[in-house]
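Please keep the sequence and the model in view as you read.

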Amino acid sequence: MESKHADQAKVKAKLSTMHSKVICCKLYVSESQNAMVVDALSRIGQKDPEVILLSKFEDEYYNRVRYTLVSYITGDSSIGEVVFSPIRKVLLAMIEAAFSAINLEFHCGTHPRIGVVDDISFHPLSQAATMEDAAQLAKLVASDIGNGLQVPVFLYAAAHPIGKSVSAVRRELGYYRPNHKDIQWAGQVLPDTLPMKPDVGPTHVSRERGATMVGAKPFVESYNVPILCKDVPTVRRITRRVTGRSGGFPTVQALALFHGDNCTEIACLLDPDHVGADQVQWLVEQIAEEQGLEVDKGYFTDLSRDTMLERKDNKL
């Protein structure tokens with residue numbers, strides 16, 4: 001009897017250790033106006049009991065949805081042990097479904113994108129999970145998409161051989177340049193012959209699927225600040241002053257995006273260890289006031305890191 005209890009304790013300890021490495025994945029798909037497609041992808045994301053679909057953020061104007069998935073990761077990439085996470089299989093199923101249901105040629109939105117599956121970012125969530133773990137998993141998923149599904153993949157941050165930032169990759173691809181009415185992105189935005197060689201997959205880009213970016217980086221928070229103004233160029237100038245590239249917060253990345261008849265949003269990615277949403281809100285309000293513009297209260301589009309870990313513990 002004692003031996004049986006000891007064995008059970010060992011199994012429980014092993015499982016606890018296995019699940020101590022927690023990884024977060026954010027999957028960005030270029031669709032939010034077709035509820036049937038969005039819901040179908042959600043159902044796929046909820047099929048595996050070892051993977052939690054923690055949140056989903058849809059925006060009608062952006063015509064974009066973000067799924068946040070959380071699970072454990074095993075293996076030690078530093079000693080060559082193969083990294084495994086149930087997220088990989090779930091992601092592949094969601095991606096295949098997205099490619100089957102969405103045609104980029106008929107897509108239009110006010111958020112930039114280069115593909116049906118536009119971006120997949122991996123983030124270590126618990127202290128035990130490392131950036132190298134996230135990068136290894138990102139590269140495995142990139143291979144699934146590039147080599148398996150034959151869609152060009154561009155790596156960034158820790159998943160990239162030299163750590164190229166996502167913004168640098170996007171600038172080289174012309175990601176930030178609207179191609180429709182100066183405020184929107186419509187159809188395929190990449191040329192048939194890509195301006196740079198993908199890190200994984202074919203050099204030819206399908207007009208129906210486009211290309212994908214996959215990366216690994218520290219956890220970030222998404223915070224959007226609405227400015228009651230449809231003058232996008234003016235809001236872009238405000239946005240530049242908020243980011244590190246123009247003397248604002250060094251760890252903040254931001255985009256000015258048209259968001260309805262009389263609103264332009266500053267969509268921000270924040271490093272919660274270095275800058276808070278209240279600081280960003282204050283700075284935007286100060287700069288906007290100089291231009292005589294009114295600013296609405298900003299909002300988070302996803303859960304905080306602590307909330308994600310708490311909900312993971314309650315479900316896994």
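Which strand gives the most to the lining of the largest pocket? Strand S10 (residues 253–258) does, with 5 residues. This is a predicted model: local features need pLDDT of at least 70, side-chain atom pairs count only at pLDDT 80 or more, and totals for chains, interfaces and linings use all residues. Residues are numbered from 1 along each chain as its sequence is written, and side-chain values use heavy atoms, with hydrogens and water left out.

**Pockets**

- Rolling a probe the size of a water molecule over the atoms shows where empty space is left.
- A pocket is an open set of points on a 1 Å grid over the protein atoms alone, where a 1.4 Å probe fits, with protein on both sides within 12 Å along at least five of seven lines; lining residues have an atom within 4 Å of a point.
- The largest pocket holds about 1000 Å³ of space, a volume being the space filled by probe spheres set on the points, which are joined across faces, edges and corners.
- It has 43 lining residues, and Tyr176, Gln253, Ala254, Leu255 and Ala267 are the closest to its centre.
- By class, that lining has 19 nonpolar, 13 polar and 11 charged residues.
- Here Ala, Val, Leu, Ile, Met, Phe, Trp, Tyr, Cys and Pro count as nonpolar, Asp, Glu, Lys and Arg as charged, and the others, Gly among them, as polar.
- The second largest pocket holds about 200 Å³.
- Its lining divides into 6 nonpolar, 4 polar and 2 charged residues, including Lys217, Phe219, Gln253 and Asp271.

**Helix H2**

- Helices (H or I, at least four residues) and strands (E, at least two) are DSSP runs, numbered from the N terminus.
- In helix H2 (residues 35–45), Val37, Val38, Leu41, Ser42, Ile44 and Gly45 are buried, meaning under 20% relative accessible area, with exposed over 50% and partly exposed in between (1.4 Å probe, protein chains only).
- These buried residues fall within an arc of 160° seen down the axis, so they line one face of the helix; the arc is that of the directions from the helix axis to the C-beta atoms.
- Met36 and Arg43 are exposed, on the face turned away from the buried side.
- The buried residues of H2 pack against strands S1 (22–29), S2 (52–59) and S3 (64–72) and helix H3 (87–101).
- Asn34 caps the N-terminal end of H2, with a side-chain oxygen 3.1 Å from the backbone nitrogen of Met36.

**Ser126**

- Ser126 is in the loop between strand S5 (117–124) and helix H4 (131–148).
- It counts as buried because its relative accessibility is 13%.
- Leaving aside neighbours within four places in sequence, Ser126 is in contact (heavy atoms within 4.5 Å) with Ser20, Lys21, Val22 and Leu309.
- Its side chain reaches the backbone nitrogen of Val22 at 2.9 Å.
- Asn179 is 53 residues from Ser126 along the chain, and their C-alpha atoms are separated by 40 Å.

- Asn147 lies in helix H4 and counts as partly exposed, at 47% relative accessibility.
- Asn147 and Gly201 are 54 residues apart in sequence but 5.0 Å apart in space, C-alpha to C-alpha.
- Thr234 is found in helix H6 (residues 232–242) and counts as buried, at 9% relative accessibility.
- Beyond its neighbours within four places in sequence, Thr234 is in contact with Gln291 and Leu293.

Conventions: Polar contact = N/O pair within 3.5 Å; in protein donor to acceptor, adjacent residues only side chain to side chain.
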